[in-house]
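Trainee: I would like to learn how to read a model like this, feature by feature. Please give the general idea each time, and then the case at hand.

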Amino acid sequence: MSDEVKFPGETIKLGDKEYVVPSLSIKQAKDLWPEILKLNEGVDVSNLPEKYDKIVKIIHTAMTRNYPELKEEDLFDVVDMSNIKILQLAVMGQSGLITSGSRPVAEKLPVM
């Protein structure tokens, strides 16, 4: 993967590599909006794996702005239970979907 990135973001170490995780583009956010809004609906232990799939998809979509060759499947090897929330907050926060303190900008915006 290239060390040069096009879009600024939060530097996060995944495995043995550091990534610059940018915000979603307007187009990406628009395309993912239904999934973003549904993230917190009915979260329980039975559907948590499905929610994590959606979060990884959102994270991957944002990361492809700087790492177009990155495959979503590859993220499942480096995203884990200890960093998934950090990544979600990085993408959502930089995209303007949450404010400081992990609070949604609007009541219906998700933060798991």
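Trainee: What does the accessible surface of the protein chain come to, and how much of it belongs to carbon and sulfur atoms?

Mentor: Accessible areas come from the Shrake-Rupley method with a 1.4 Å probe, and for residues only the protein chains shown count as cover. Here the protein chain has about 6700 Å² of accessible surface, with 53% belonging to carbon and sulfur atoms. This is a predicted model, in which local features need pLDDT of at least 70 and side-chain atom pairs count only at pLDDT 80 or more, while totals for chains, interfaces and linings use all residues. Residues are numbered from 1 along each chain as its sequence is written, and side-chain values use heavy atoms, with hydrogens and water left out.

Trainee: How many helices and strands are there, and in what order do the elements run?

Mentor: Helices (H or I, at least four residues) and strands (E, at least two) are DSSP runs, numbered from the N terminus. The protein chain has four helices and four strands. Their order from the N terminus is β-β-α-α-α-α-β-β.

Trainee: What share of the residues counts as buried?

Mentor: Buried means under 20% relative accessible area, exposed means over 50%, and partly exposed is in between (1.4 Å probe, protein chains only). Of the 112 residues of the protein chain, 38% are buried by that rule. For contacts, the cut-off is heavy atoms within 4.5 Å. Taking contacts between residues at least 6 apart in sequence, 57% join residues at least 24 apart.

Trainee: Why does the length of helix α2 agree with its residue count?

Mentor: The expected span of a helix is 1.5 Å times one less than its number of residues. Helix α2 covers residues 48-63, so its 16 residues should span 22 Å, and the end C-alpha atoms are 22 Å apart, which agrees.

Trainee: Which residues of α2 are buried, and what do they pack against?

Mentor: An α-helix has 3.6 residues a turn, so residues three or four places apart point the same way. In α2 the buried residues are K51, I55, V56, I58, I59, H60, T61, A62 and M63. They pack against β1 (10-14), β2 (17-21), α1 (26-38), α3 (72-78) and α4 (84-94).

Trainee: Where do individual residues of these helices stand?

Mentor: Take A62 in helix α2; A62 counts as buried because its relative accessibility is 0%. Beyond four places in sequence, A62 is in contact with P22, S23, L24, Q28 and V91. K54, also placed in helix α2, has a relative accessible area of 21% and is therefore partly exposed. Leaving aside neighbours within four places, K54 is in contact with E35 and L39, and the C-alpha atoms of K54 and L39 are separated by 7.5 Å. A29 lies in helix α1 and, at 17% relative accessibility, is buried.

Trainee: Which residues of the largest nonpolar core touch the most other members?

Mentor: A nonpolar core is a set of buried Ala, Val, Leu, Ile, Met, Phe, Trp, Tyr and Cys residues joined through side-chain atoms within 4.5 Å. The largest has 26 residues, and L24, I58, I59, M63 and L75 touch the most other members. At least two residues come from each of β1, β2, α1, α2 and α4. The most come from α2, which gives six. Not counting residues up to four places away in sequence, I58 touches L24, L32, I36, L39, V91 and M92. In α4, the buried residues are I84, L87, Q88, A90, V91 and M92.

Trainee: How many aromatic pairs does the structure hold?

Mentor: Rings of Phe, Tyr and Trp (its six-membered ring) pair if their centres lie within 6.5 Å; planes under 30 degrees apart count as stacked, over 60 as edge-to-face and the rest as tilted. The structure holds one such pair. The ring centres of Y19 and Y67 are 5.1 Å apart and the planes stand at 80°, so the pair is edge-to-face. Because Y19 lies in strand β2 and Y67 in the loop between α2 and α3, the pair ties together parts 48 residues apart in sequence. Y19 and Y67 are both buried.

Trainee: Which charged ends sit over rings?

Mentor: A charge sits over a ring if NZ of Lys or CZ of Arg is within 6 Å of the ring centre and within 35 degrees of the ring normal. The charged end of K17 sits over the ring of Y19, 5.2 Å from its centre. For R65, the charged end sits over the ring of F7, 3.7 Å from its centre.
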